[in-house]
Number of protein chains: 2
Amino acid sequence: VRRLALALVHYPVLDREGELVTTAITNLDVHDMARTARTYGASDFFVVHPVAAQRLLAQRIKDHWTLGSGKRRIPDRAIALELVRVVESLDEAFAALGGRTGPDAIEVWTTAASVRGGAITTYADARGCLADSREGPPVLLLFGTGWGLSPELVANADVRLEPIVGRRATAYNHLSVRAACAITFDRLLG
Amino acid sequence: VRRLALALVHYPVLDREGELVTTAITNLDVHDMARTARTYGASDFFVVHPVAAQRLLAQRIKDHWTLGSGKRRIPDRAIALELVRVVESLDEAFAALGGRTGPDAIEVWTTAASVRGGAITTYADARGCLADSREGPPVLLLFGTGWGLSPELVANADVRLEPIVGRRATAYNHLSVRAACAITFDRLLG
């Protein structure tokens with residue numbers, strides 16, 4: 001099957017005013033997204049943060065649950081958190097999977113709560129691209145914290161997934177990144 | 001459209017050893033599930049806890065975001081958290097929607113990570129029951145904290161939804177309740 005990894009991006013992301021910012025690590029993001037990733041068969045969960053102290057925090061969360069007392073208390077959690085790879089930048093995540101250029105170039109797919117320019121891919125089409133019978137380069141699925149991924153990341157993506165909208169259309173569309181990640185994986189691989 | 005509410009149950013739920021326990025309120029459960037509920041058009045989000053001090057905590061979370069300084073900082077969050085109704089027991093939630101017996105009796109639907117006895121309803125069938133063209137009594141969808149809803153709650157439900165399983169079947173099936181709630185709503189109303 002085609003390799004599918006995900007990245008939780010803390011920089012570059014937007015704040016409420018649309019400014020580029022760096023957000024803080026949220027403990028439950030790491031747990032929930034690792035559990036979702038493991039449930040749906042993702043290969044790697046990159047936690048991307050440019051600040052060393054924040055990377056240390058993420059690494060300590062991982063180590064507590066995969067090596068420390070957390071593992072003894074809830075062994076299931078270790079299986080999920082083993083997917084976590086703490087990296088300084090998206091470039092580091094790209095390189096770990098094969099790079100953005102050259103013969104092994106990966107595809108980068110973005111998720112967003114609203115249409116942000118560039119062609120949009122439906123979940124049905126994206127799901128087809130990940131069918132067991134289909135081959136292709138590894139896919140790295142990006143999730144933005146704060147108010148979403150930077151416009152540059154979205155513009156440079158190979159695939160921009162459509163926003164998640166419910167059938168009972170409401171004006172409200174503010175899912176947590178933890179919920180959006182779960183829904184995205186279920187739509188792609190559920 | 002048919003009314004759909006949800007309840008986050010802190011008692012009666014199971015612990016890892018299968019014993020009946022009461023779990024603690026988790027702040028991000030309240031936020032994430034309220035945001036998911038609002039996005040998909042749910043009518044009410046009952047936070048069920050038998051301990052008064054824990055209900056007070058849940059009510060303070062709601063009030064902070066719907067009345068207090070949280071509302072000024074992130075107005076969108078108020079729209080979600082307005083759905084929260086803090087109750088002492090599931091009976092109180094049942095009564096608020098029309099009761100479990102009589103002409104206005106509601107339906108209770110349960111979610112679970114594994115098949116736990118009793119007939120199972122597929123998501124496709126359940127989705128059909130919530131189609132805009134279908135009429136029916138209100139539905140209360142139950143989500144268990146800890147290691148899941150008590151066997152008695154599951155046994156007495158009108159509908160037991162099938163467990164959530166990914167297409168790339170993995171042995172791992174430990175989604176957070178926040179993620180399971182998001183996926184369930186997307187499957188029913190996405």
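Asp29(A) and Arg178(A) form a salt bridge, with their closest N and O atoms 2.5 Å apart; a salt bridge is a side-chain nitrogen of Lys or Arg within 4 Å of a carboxyl oxygen of Asp or Glu. The pair links distant parts of the chain, since Asp29(A) sits in helix α1 (residues 27-39) of chain A and Arg178(A) in helix α8 (residues 177-189) of chain A, 149 residues apart. Helices (H or I, at least four residues) and strands (E, at least two) are DSSP runs, numbered from the N terminus.

This is a predicted model, in which local features need pLDDT of at least 70 and side-chain atom pairs count only at pLDDT 80 or more, while totals for chains, interfaces and linings use all residues. Residues are numbered from 1 along each chain as its sequence is written, chains are lettered from A and ligands numbered from 1 in the order in which they are written, and side-chain values use heavy atoms, with hydrogens and water left out.

**The two chains**

- Chain B can be laid on chain A by a turn of 180° and a shift of 0.0 Å along the axis, with an RMSD of 0.0 Å; the superposition is by least squares on the C-alpha atoms of residues with pLDDT of at least 70 in both copies.
- The two copies are thus related as by a two-fold rotation axis.
- The same surface serves both copies, as 100% of the contact residues of chain B recur in chain A; contact means heavy atoms within 4.5 Å.

**Salt bridges**

- Over all chains, the count comes to 15 salt bridges.
- Asp29(A) and Arg178(A) are both buried; buried means under 20% relative accessible area, exposed over 50%, and partly exposed in between (1.4 Å probe, protein chains only).
- In chain B, Arg178(B) forms a salt bridge with Asp29(B), the closest N and O atoms being 2.5 Å apart.
- This pair too links distant parts of the chain, with Arg178(B) in helix α8 (residues 177-189) of chain B and Asp29(B) in helix α1 of chain B, 149 residues apart.
- Arg178(B) has a relative accessible area of 7% and is therefore buried, and Asp29(B), at 3%, is buried.
- Salt bridges that share partners join Arg3(A), Asp44(A) and Arg85(A) into one network.
- Arg3(B) and Asp44(B) meet through their side chains in a salt bridge (2.9 Å, N to O).
- Arg3(B) lies in the segment before β1 (4-9) of chain B and Asp44(B) in the loop between α1 (27-40) and β4 (45-48) of chain B, 41 residues apart.
- Arg3(B) counts as partly exposed because its relative accessibility is 34%, whereas Asp44(B) is buried at 6%.

**The sheet of chain A**

- Six strands of chain A make an open sheet with parallel pairing, in the order β5-β4-β1-β7-β6-β8; two strands pair if DSSP finds at least two bridges between them.
- Its edge strands are β5 (84-87) and β8 of chain A, each of which pairs on one side only.
- Strand β1 (residues 4-9) and strand β4 (residues 45-48) of chain A pair in the parallel sense over four bridges.
- Within β4(A), Phe45(A) is the bridge partner of Leu6(A), and Val48(A) is the bridge partner of Val9(A).
- β4(A) also pairs with β5(A) in the parallel sense over four bridges, where Phe45(A) stands opposite Val84(A).
- Phe45(A) and Val47(A) point one way from β4(A), Phe46(A) and Val48(A) point the other way, and all are buried.

**Arg160(A)**

- Arg160(A) lies in strand β8 (residues 159-160) of chain A.
- Arg160(A) is buried yet has no salt bridge, and the nearest side chain of opposite charge, Asp158(A), is 8.0 Å away; Lys and Arg count as positive and Asp and Glu as negative, while His and the chain ends are not counted.
- The Arg160(A) side chain reaches the backbone oxygen of Val154(A) at 2.8 Å and that of Ala157(A) at 3.4 Å.
- Beyond its neighbours within four places in sequence, Arg160(A) is in contact with residues including Thr110(A), Gly117(A), Ile120(A) and Val154(A).

**Arg38(A)**

- Arg38(A) is found in helix α1 of chain A and counts as partly exposed, at 23% relative accessibility.
- Not counting residues up to four places away in sequence, Arg38(A) touches Ile79(A), Ala80(A), Glu82(A), Leu83(A), Thr170(B) and Tyr172(B).
- A polar atom of the Arg38(A) side chain lies 2.7 Å from the backbone oxygen of Ile79(A).

Notes. Polar contact = N/O pair within 3.5 Å; in protein donor to acceptor, adjacent residues only side chain to side chain.
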